[in-house]
Amino acid sequence: MFLTCSRQNLDLDYHELLQKCVEVTLDISRENNELEEKDTRAQAKSSGFFRHHAGRIGASASGAAFHTNLSQPPQALIKTICYPNVFKVNTKATRHGCKHEDDAIHAYENEMNKTCSNFTLTRCGLFINEQHPFLHATPDFLTSFECCGLGCGEVKCPICIKDCDF
């Protein structure tokens with residue numbers, strides 16, 4: 001994958017890390033992207049999710065990455081992007097969301113099947129931008145509606161919702 005995402009680079013200072021980054025080349029094929037998407041459909045539960053996620057900027061880091069000083073980005077941001085398996089968020093709220101994500105998806109799917117004809121929902125994994133392979137998206141599912149066309153969904157299960165009444 002990316003040289004900068006090797007655990008041995010965690011102890012490098014900023015200038016040494018920059019030198020490692022210069023050495024990185026990206027050669028992403030459409031076939032490779034499709035394999036990585038399939039390999040990550042179980043999202044964080046899949047073995048390849050964090051490996052394929054490493055070194056790429058997604059929604060959760062995009063604001064910080066966009067607003068950072070490029071000449072001296074915060075080490076915490078670099079580590080979050082390059083080492084998602086080590087620096088992942090693990091709060092009571094995120095554990096709650098992960099625990100109830102499948103419940104929310106099933107409730108949504110059941111409701112849409114009642115109201116829309118020819119509705120399909122497909123779980124999906126990591127999508128890598130072909131023009132900018134350092135960018136990715138990880139929606140939870142893709143949809144197809146006869147009435148509305150194609151769509152995608154991202155589930156959030158806030159801990160403040162009592163009893164998860166979807």
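Trainee: Which residues make up the largest nonpolar core?

Mentor: Before answering, keep in mind that this is a predicted model, in which local features need pLDDT of at least 70 and side-chain atom pairs count only at pLDDT 80 or more, while totals for chains, interfaces and linings use all residues. Residues are numbered from 1 along each chain as its sequence is written, and side-chain values use heavy atoms, with hydrogens and water left out. A nonpolar core is a set of buried Ala, Val, Leu, Ile, Met, Phe, Trp, Tyr and Cys residues joined through side-chain atoms within 4.5 Å, where buried means under 20% relative accessible area, exposed over 50%, and partly exposed in between, with a 1.4 Å probe and protein chains only. The largest such core has 10 residues in all, namely A104, I105, M112, C116, F119, L121, F141, F145, V155 and C157.

Trainee: Which element gives the largest share of this core?

Mentor: Helices (H or I, at least four residues) and strands (E, at least two) are DSSP runs, numbered from the N terminus. Helix 6 (92-115) and strand 4 (141-145) each supply at least two residues of this core. The largest share is three residues, and they come from helix 6.

Trainee: Which residues are included in the second, separate core?

Mentor: This second core is separate and has six residues. Among them are L10, Y14, L17 and I78.

Trainee: In what order do the helices and strands follow one another along the sequence?

Mentor: The protein chain has six helices and five strands. Read along the sequence, they follow the pattern α-α-α-α-α-α-β-β-β-β-β.

Trainee: What percentage of the residues in the protein chain count as buried?

Mentor: The C-alpha atoms of the protein chain fill a box of roughly 55 × 40 × 30 Å, taken along the principal axes. The chain has 166 residues, and the part of them that counts as buried is 35%.

Trainee: Is H136 buried or exposed?

Mentor: H136 lies in strand 3 (residues 136-137), and its side chain is joined to that of H53 by a polar contact of 3.0 Å. A polar contact is a pair of N or O atoms within 3.5 Å; within protein, one must be able to donate a hydrogen and the other to accept it, and residues adjacent in sequence count only if both atoms are side-chain atoms. Leaving aside residues up to four places away in sequence, H136 touches H53, R56, I57, G58, A59, L126, F127 and I128, where contact means heavy atoms within 4.5 Å. Because its relative accessibility is 9%, H136 counts as buried.

Trainee: Which element gives the most to the lining of the largest pocket?

Mentor: On a 1 Å grid over the protein atoms alone, a cavity is a set of points where a 1.4 Å probe fits but cannot get out, and a pocket is an open set with protein on both sides within 12 Å along at least five of seven lines; lining residues have an atom within 4 Å of a point. The largest pocket is lined by 37 residues, of which A44, F49, C98, E154 and K156 lie nearest its centre. Helix 3 (49-53), helix 4 (59-67), helix 5 (75-82), helix 6 and strand 3 each supply at least two lining residues. The element that gives the most, with seven residues, is helix 6.

Trainee: How much space lies in the largest cavity?

Mentor: A search of the whole structure finds one cavity of 30 Å³ or more, and the largest cavity is lined by N9, L10, L12, L17, Q75, I78, K79 and Y83. Grid points are joined across faces, edges and corners, and a volume is the space filled by probe spheres set on the points. The space in the largest cavity is about 40 Å³.

Trainee: Is N118 buried or exposed?

Mentor: N118 is found in the loop between helix 6 and strand 1 (120-123), and it has a positive phi of about 50° although it is not a glycine. Most residues other than glycine have a negative phi. Because its relative accessibility is 55%, N118 counts as exposed.
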